[in-house]
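Colleague: I would like a close look at one part of this model, the charged side-chain pairs. Please set them in the context of the rest of the chain.

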Amino acid sequence: MKICFHCRKELDLSARPGRGDYCPHCGSDLKACLNCRFYDVTSYNECWEPSAERVVDKDKANFCEFFDLGEASGGKSRAGDPLQKLKDLFKS
């Protein structure tokens, strides 16, 4: 299920979104890093794709050639929350 990173509503898309496409529910850009399957806050430049150019505004439309609409992570790491793991580790 594809969801918008901003409003968290399901997207019904028949084609890959372009730079000018936006969410029909909230108007957010769809071709943004926060909607990409390669987005990961723990990776270098917050992207799993090592060849991708750096994008500063992760919530704005960009020209990334590697963009692939994935499950919106909403800024969460795909590896889990490291701070929560530490808290769980040292919990008494």
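Colleague: How many salt bridges does the count come to?

Modeller: The count comes to two salt bridges. Keep in mind that this is a predicted model. Side chains of opposite charge can pair when their charged atoms come close. Here the cut-off is a Lys or Arg side-chain nitrogen within 4 Å of a carboxyl oxygen of Asp or Glu.

Take R37 and D68. Their side chains meet in a salt bridge, with N to O at 2.5 Å. R37 and D68 each lie in the segment before α1, so this pair ties together parts that are 31 residues apart in sequence. R37 counts as partly exposed, because its relative accessibility is 37%. D68 is partly exposed as well, at 31%.

Now E46 and K58. Here the N to O value is 3.9 Å, and the side chains again meet in a salt bridge. Both E46 and K58 lie in the segment before α1, so the parts tied together are 12 residues apart in sequence. E46 has a relative accessible area of 29%, so it is partly exposed. K58 has a relative accessibility of 13% and therefore counts as buried.

With a relative accessible area of 26%, N45 is partly exposed. R8 is another case of this kind. Its phi is positive, about 65°, although R8 is not a glycine. R8 too is found in the segment before α1. Its relative accessible area is 42%, so R8 is partly exposed.

What surrounds these pairs? The secondary structure comes to one helix and zero strands. That helix, α1, covers residues 82–89. The protein has 92 residues, and 33% of them count as buried. Take the contacts between residues at least 6 apart in sequence: 58% of them join residues at least 24 apart.

The largest nonpolar core has six residues. They are F5, A32, C33, L34, Y39 and V55.

Then the surface. The accessible area of the protein comes to about 6,400 Å². Carbon and sulfur atoms account for 51% of that surface. L86, L89 and F90 form a nonpolar patch there. Together the three have about 370 Å² of accessible area. L86 has its place in helix α1. L86 counts as partly exposed, because its relative accessibility is 47%. Exposed would take over 50%.

Back to the charged pairs, in brief. R37 with D68 is given at 2.5 Å. E46 with K58 is given at 3.9 Å.

Note on methods. Residues are numbered from 1 along each chain as its sequence is written. This is a predicted model: local features need pLDDT of at least 70, side-chain atom pairs count only at pLDDT 80 or more; totals for chains, interfaces and linings use all residues. Side-chain values use heavy atoms; hydrogens and water are left out. Patches are made of residues with over 30% relative accessible area and no salt bridge: like charges are joined within 9 Å, nonpolar side chains (Val, Leu, Ile, Met, Phe, Trp, Tyr) within 5 Å. Accessible areas come from the Shrake-Rupley method with a 1.4 Å probe; for residues, only the protein chains shown count as cover. Helices (H or I, at least four residues) and strands (E, at least two) are DSSP runs, numbered from the N terminus. Buried means under 20% relative accessible area, exposed over 50%, partly exposed in between (1.4 Å probe, protein chains only). A nonpolar core is a set of buried Ala, Val, Leu, Ile, Met, Phe, Trp, Tyr and Cys residues joined through side-chain atoms within 4.5 Å. Contact means heavy atoms within 4.5 Å.
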